[in-house]
Amino acid sequence: MKKLLIIGYVWPEPNSSAAGSRMMQLIEAFKQQNYQITFTSPAQQSEHMVDLPSLNIDIANIELNNSSFDDFIKALQPDAVMYDRFMMEEQFGWRVNEHCPQALRILDTEDLFSLRDARHKAYKQGVAMTDNDLLSSELAKREIAAIFRCDLSLMISQYEMELLPRLFNVPSQLLHYCPFMFTEQQLNQGNPCFDERDGFMVIGNFRHAPNWDAVLWLKQQVWPLIRKQLPDVNLSVYGAYPPPKATDLHDIKSGFLVKGWVDDAVQAMQSARVCLAPLRFGAGIKGKLAEAMMCATPSVTTDIGAESMETANDWAGIIANDPQTIADAAVELYQDKNRWQLASNLGPINARLLYQQAAIMSNFNLRLSQLIENLAQERQQNFIGGMLNHHHHKSTRYMSQWIEVKTQLKALTDFESSSESDT
C-alpha cells in the first residue's frame, strides 16, 4: 500500500471551517487511491478535531525546528507528502527532500494567502488591489516559491489558476484545479421549502479575518437596513471560536443573534431562508456559499464572495456590493416566494456543475498517475523549482538547526539556574 504523509497547519476541524472540510475531502480522495495516510501537525490538538484514528488514519505530533522529524520521516518513508499551506512546506520541505527525495511533493494551497493579504491591505487603505501590490508582496514571494518547489499545487479557485501563470509565470503543469467536492448523497438530499424556513443566517470561523469583517459590517451597516424593512426577522450568526468582541454584538432586541459554534452547519443552513455573506476581501472559494448552493438556500454575497463560484447560470441568489443594495436584495429574497424559489432551485444545479465529487476525483487521480509516472522528467523541466529547492533548503536548514541549538542551550541554562536556586 502506498503511503501518504500530510503535514497539517492545524488538525482538521470540518465543523469549524471550510479548510477543515476540504482537508477531509482530500483525505477521502487519497483513501480511494489506496493510500495509507499519516496525518501530522505541529499545532496543538483540539476538542473539535476529527477522530482520525477511527478512520484508519495514523496521527503523530511533530515539532518545528526539531531534528526528531528527521528520524520520523526516515522511518516512515512516504511515497507522497502533502503540505497543508505553504508555511508547512517552508518549515519541513528541506527535511522531506533530504530524507525522502523521491517522495511526491504536493502543496494544498487552500487559497492564495498572498492574494487575500494584498486585498485586505488594499481594503484598509480604501483602494483597489493592483498587480503591483502582489508583485511587491513579501508573502507572495514566499508563497510562489513554495509552489515552484513542489511537484503539484492544488488550487481551489479558477481565478487563482489563471492568476499564477499570468502574473508570476508559474507553469500550468505545476497546478491542478481541485475545488470542493460534494457526494451524490449530498447533492441529492431533500431540502426544506420556503415556508419551512425562517430568518437569515451568516456563518464562518471568527479567526478568519474576512468573516469577522463581514459580521461587523452586517452589524453596523447592513442589518439595520434589513431590520428596518423586516422588523420581526432575526439574523443568526454562527461560527467557531467567537471572541468576546463578537459575542458582545449579540442583541436580542435588534434580532442580531450571535450563536457561535454550531454542531451541524448543514442543518443550520437548511433552516435559514437566506444566507448572507457580505465579504469585502478574501481569496479562494467560500465554503459557506458552496453549502448554501447544496442546501438550496439562496444567498446574498459580493463580487469577492462569488469569485470563481459562478456558472453559465444565474447566481443562486443576488450579488450586491454596497449596504443598501445588499439589504434590498436580502429583503427581496426573503419576501418574494417566487424569486426565492428560482434561486433555491439553481443552488443544487450550480453545485453539481461546480463540485461533483466523482468528476473532480477522476481528474485528480489521472493527474497524480501521470505525475508519478513522469516525475523525474517533470522535475527536470521545473528548473526554477530545482534552483529554489537548492538555495532555500540550505538557508532554511541552517536557520532551523540554529534555532534548535539555541532552544537546547536555553533549556540547559534554565535547568542550571533552577538547580542553583534549589541549592
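**A sheet and a cavity**

Modeller: Start with strand β9. Four bridges link β9 to strand β10 (residues 256-260), and the two run parallel. Keep in mind that this is a predicted model.

Colleague: Which residue in β10 is the bridge partner of valine 237?
Modeller: Valine 258 is the bridge partner of valine 237.

Colleague: And what about strand β8, how many bridges join it to β9?
Modeller: Four bridges join β8 (residues 200-203) to β9. Those strands run parallel too. Tyrosine 238 in β9 stands opposite isoleucine 203.

Colleague: Where does the chain go on its way from β8 to β9?
Modeller: It passes through helix α9 (residues 209-229). That makes a β-α-β crossover, and the crossover is right-handed.

Colleague: Let's zoom out. What is the strand order in the sheet?
Modeller: The order is β10-β9-β8-β11-β12-β13. That is an open sheet of six strands, with parallel pairing.

Colleague: Which are the edge strands?
Modeller: β10 and β13 (317-319) are the edges. Each of them pairs on one side only.

Colleague: How many degrees does the twist average from one strand to the next?
Modeller: The average is 20°.

Colleague: New topic. How many cavities of 30 Å³ or more turn up?
Modeller: A search of the whole structure finds one. The volume of the largest cavity is about 50 Å³.

Colleague: What lines the largest cavity?
Modeller: Val202, Ile203, Gly204 and Phe206 are part of the lining.

Colleague: One more. How do the lining residues divide into nonpolar, polar and charged?
Modeller: Eight are nonpolar, two are polar and one is charged.

Colleague: Thanks, I'll go and look at the model again.

Conventions: Residues are numbered from 1 along each chain as its sequence is written. This is a predicted model: local features need pLDDT of at least 70, side-chain atom pairs count only at pLDDT 80 or more; totals for chains, interfaces and linings use all residues. Side-chain values use heavy atoms; hydrogens and water are left out. Two strands pair if DSSP finds at least two bridges between them. A crossover is right-handed if, with the strands pointing away from the viewer, the path from the first strand over the helix to the second runs clockwise. On a 1 Å grid over the protein atoms alone, a cavity is a set of points where a 1.4 Å probe fits but cannot get out, and a pocket is an open set with protein on both sides within 12 Å along at least five of seven lines; lining residues have an atom within 4 Å of a point. Grid points are joined across faces, edges and corners, and a volume is the space filled by probe spheres set on the points. Ala, Val, Leu, Ile, Met, Phe, Trp, Tyr, Cys and Pro count as nonpolar, Asp, Glu, Lys and Arg as charged, and the others, Gly among them, as polar. Axes are lines fitted to C-alpha atoms, for helices over the stretch in contact, and angles run from 0 to 180 degrees between N-to-C directions.
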